[in-house]
Amino acid sequence: MRKFQLLILASAIAAGAIWWGFYRTHHTSSLGVASLLPKETLALVHVPDFNRSRGEWHRTDLCQLWKEPAVQDFLAKPRSKVPTEGRIGQTVEEISTLGMKDAFFAVLSIEASAWKWAGGFRTTEDPEKTAKIIDDWKHKLLGTVSGVKHEAVDYQGRQIQVDNVGLLNLSSVHAGPWFLVANDLENLKMLIDRTDGRVKDATTALSADETFLAASKHMPASYAALVFGRPSQFVEKLTDESEAGDRFTMMQQARSFCAATAFDGGRMRDTIFVGMPKIADLGNLTRASLPIANKDTFFYAASLLDLRKEMEPGWQTPGFGWLSGLQKITGSLSANGITVEEWKSAFGTEVGLIGTWGTSSQWPSLVASMPVKDSAKASRIVTTITTANADDAQWTHREKEGVHYYSSGTGLQLLSFSPTIGLSDRMLVVGADTGSVEMAMKRTTSGASELAATTTFQNAERAVPTAQQAFVYLDPALVYARFDTSLRPLLAMGAAFFPAVSDAVDLSKLPPADVIAKYLSPIVMSQSYHGDGYVAESIGPVPLYQTVIGAVTTSIAASAIYRQQTQRPVSFPTRTITAPSPSRSPSPSPDNSP
């Protein structure tokens, strides 16, 4: 019996050791780094294990797409024009050599517009090897700057290296397994005291801050990178009190912001938390507009919209994009005596956006929708919208199968652009052309969604929590397939008119749709309110918010290139034909050479 008990005890210990090893491998925490920082730290960026994240990145669908031979062949020409000189790759290899763990960068305070920051990382590599790599980084940063002053300061048995040049002050030290750096000597000394264990009061550290802990509990157990900040305090320290009251009301309410990126198989997952009071209690998302989406839908978004602020008279906050157009509409409604309460009694609080690109369509179509609660009030509001600014656009009205259609001709027949509003007793639909609005109105009567019945949508929907406030679905594989079919010929034509484009990229090597689409799974995002703040979770080959940032950056770069090309005169190649001399054979001209 005693041997049996010992066997059970040994098995339990072995199982516990295996579980602990698995837990340590698959669990990361920012508390270790947070215990080194002061409680009032304004912002923190944490990368727990660089090599592990790098290995997971190489297994993602996006990285596999990058390695695809057809993609590399297409990118060879533009990459040859980028003067990297191997610097990025060399730095990445050096970081990997260090086995960098718990790398962090923190904004400790902002005093009179002076930012006090600190950073560092932990490594188990040879101290001399680590010091050599770091010294090389310092030389690259300060080597070309004249007048750099170097100083060594002894503190509690540690030797601090201080480098001063103008307003730049870098203080760095090796403290056991840690390398620490700060732009303020006293802050660096504080970090040394905490790493060496001389500060015993844990309540003075960021790891004991209630705001930080509340935000951290919404983050995944394992992540590749984490960002934490206090938006309200940044507004307070960086703006005047009079400006902040009007322009940054939303950010003043956000006591914390926390975001983490993790790898999930071949995909990437973003988790974002904003700690703030609930803006308005609008109920939960029903996705009433989902029946409009069909099998050719590449984009579907549903969100709750509170027009309380947007329709208040005198609300002067500037709008951007669709919000600017919304403000014009709501301004017109307010000027014609339609109140917020009347709008809310006419329409539901949910807005849907549906992007569809059929196989036979040259361009995608986008429609917006809102559920109708009171058809009589809704009709009065739509009539007000279409008649309030008669000088700007002429609207025509017709009724078909019980649905009222209001269309505005813009004169852009080439693009088939004719803004249309469709209104039934169940749904309001707005689109850029009559055909897309009519098709959307027909699908609202079916009650079933072709998109929701597809396996692709169902799998994507299950990858995120049930949405309460917002839901977004994007199918990049379908977008690329339609782009390849419809726009590839236009790209070739554009390259003929802008020869510089051909110098930068070979469009004939654009990878085919089947090569790209196999790496592009849907991107999906859900947002809900959880007790103390809003939580958004997104997953895909690139998560939604990173996709938006990348699209904006690409658009800005493309616009810059376009402006540069349009400023140059377009020249077409000419050929001079010279009559051959009767006394000698003609020589091949450069234009005729193969």
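Student: How many of the 594 residues of the protein count as buried?

Tutor: Burial is read from relative accessible area, with buried meaning under 20%. In this predicted model, 39% of the 594 residues count as buried. The accessible surface comes to about 33,300 Å², and 59% of that belongs to carbon and sulfur atoms.

Student: Which residues account for 64% of the contacts with a separation of 6 or more?

Tutor: Residues 24 or more positions apart account for that 64%.

Student: How many helices and strands does the secondary structure come to?

Tutor: The protein has 21 helices and 20 strands.

Student: In what sense do strands β4 and β5 pair?

Tutor: The general idea for a strand is that, when it is regular, side chains alternate between the two faces of the sheet. Here, β4 (residues 149-155) and β5 (residues 158-165) pair in the antiparallel sense, over seven bridges.

Student: Over how many bridges do β5 and β6 pair?

Tutor: Five, again in the antiparallel sense, with β6 covering residues 168-175. N164 stands opposite N169 in β6. The hairpin of β5 and β6 has two residues between the strands, and G166 takes a positive phi near 60°.

Student: What counts as a salt bridge, and how many does the structure hold?

Tutor: The test is a side-chain nitrogen of Lys or Arg within 4 Å of a carboxyl oxygen of Asp or Glu. The structure holds 21 salt bridges. One of them joins K132 and D136 at 3.5 Å, N to O. Both residues lie in helix α7 (residues 127-142), four residues apart, about one turn of the helix. K132 is exposed at 54% relative accessible area, while D136 is partly exposed at 30%.

Student: Why does the salt bridge of D196 and R158 tie together parts that are 38 residues apart in sequence?

Tutor: The two side chains meet at 2.9 Å, N to O. D196 lies in the loop between α8 (185-195) and α9 (210-216) and R158 lies in strand β5, so the pair links parts 38 residues apart in sequence. D196 is partly exposed, at 27%, and R158 is partly exposed, at 23%. Salt bridges with shared partners join R158, D193, D196 and R198 into one network.

Student: Is E438, the partner of K400 in a salt bridge, buried or exposed?

Tutor: E438 is buried, with a relative accessible area of 13%, whereas K400 is partly exposed at 31%. Their closest N and O atoms are 3.3 Å apart. K400 lies in strand β14 (residues 395-400) and E438 in helix α16 (residues 434-444), so this pair ties together parts 38 residues apart in sequence.

Definitions and conventions
Residues numbered from 1 in each chain as written. Predicted model: local features only at pLDDT ≥ 70, side-chain atom pairs only at ≥ 80, totals over all residues. Heavy atoms only, no water. Pairing = 2+ DSSP bridges. Buried < 20%, exposed > 50% of the residue type's maximum accessible area, 1.4 Å probe, protein only. Contact = heavy atoms within 4.5 Å. Areas by Shrake-Rupley, 256 points an atom, 1.4 Å probe, with all protein chains shown as cover.
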